[in-house]
Amino acid sequence: MRRIFLYILFFLFPIGCVKEIEVFNAKTPVSACMRLFSEMRLEGVVDYKAFEQAVTGYNRITGKKKEIITLIDFSKPSSEKRLYVLDMRNKKLLFVSHVSHGKNSGEKYATSFSNVSGSLKSSLGFYMTEGTYEGKNGYSLVLEGLEKDINDKAKERAIVMHGAAYSNPSVIAGSGRLGRSFGCPAVPQALAKPIIDKIKGGALIYIYADNPDYLEHSSILEPNDILYFFNYQIKYVLLFVI
């Protein structure tokens, strides 16, 4: 009966990024996502909820040419490092960096997002990286927004990844935060080329915020995919039913 209960439980609560479910003891993660999180040694570095959403989308999106995803966590302030380049094949964290958000998305925190030209706001969601060019901001990476009405006007808005002096960590000492872009994820100048060269040509980027409106309208994620609380609490429930 207990086994039947577990099967019913997992049937009723599907987990988007999980490809296999096993029964673990109290010290072991329940899902494959949590196991990957542990193997990549991301505890205390990357927010698990953001990671789970990024991996869910990574597993669903086709057409990518690199087994790399860049997670940008806008739930964190710009004074903290919040860009993570994740090598999914080798289960490695390749880069951790500061990154700026759009001027009209907020001051220290990004709290408002838009897909509208001229908004000077960041856009959430999944992007595919394309080629590079030399522009007014130097070496820059073209981004294709993959989510209709959320970020699909990225090219029209010239939303690209590039380096910027206002994204250098030294700026934080004077203002308590980074400077802001016109909506681009701008990184420190010293890291722009190495990061762009690693992720250009068919890698994914996921820009995250703890934003229910995004989940409600995303074409890639769905609200019932994100069972962060359930993932962490279910292992304690299992202790009483196994």
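In the predicted model, strand S4, which spans residues 125-135, pairs with strand S5, residues 138-145, in the antiparallel sense over seven bridges. The two strands form a hairpin, with two residues between S4 and S5. Within this pairing, Tyr133 stands opposite Ser140 of S5.

Strand S5 also pairs with strand S6, which covers residues 160-163; this pairing is antiparallel and comprises three bridges. Two of the residue pairs involved can be named. Leu141 has Met161 in S6 as its bridge partner, and Val142 is partnered by Val160 of S6.

These pairings belong to a wider arrangement. In general, the strands of a sheet pair through backbone hydrogen bonds, in either a parallel or an antiparallel manner. Here, eight strands form an open sheet, and their order is S3-S2-S1-S8-S4-S5-S6-S7. The pairing across this sheet is mixed. Its edges are formed by strand S3 (92-97) and strand S7 (186-187), each of which pairs on one side only.

A helix accompanies the sheet. Helix H5, made up of residues 189-199, packs on the sheet and touches strand S1 (68-73), strand S2 (83-87), S3, S4, S5, S6, S7 and strand S8 (204-208). The direction of H5 makes an angle of about 145° with that of S3.

How values were computed:
Residues numbered from 1 in each chain as written. Predicted model: local features only at pLDDT ≥ 70, side-chain atom pairs only at ≥ 80, totals over all residues. Heavy atoms only, no water. Pairing = 2+ DSSP bridges. Helix = DSSP H or I, 4+ residues; strand = E, 2+ residues; numbered from the N terminus. Contact = heavy atoms within 4.5 Å. Axes fitted to C-alpha atoms, helices over the stretch in contact; angles between N-to-C directions.
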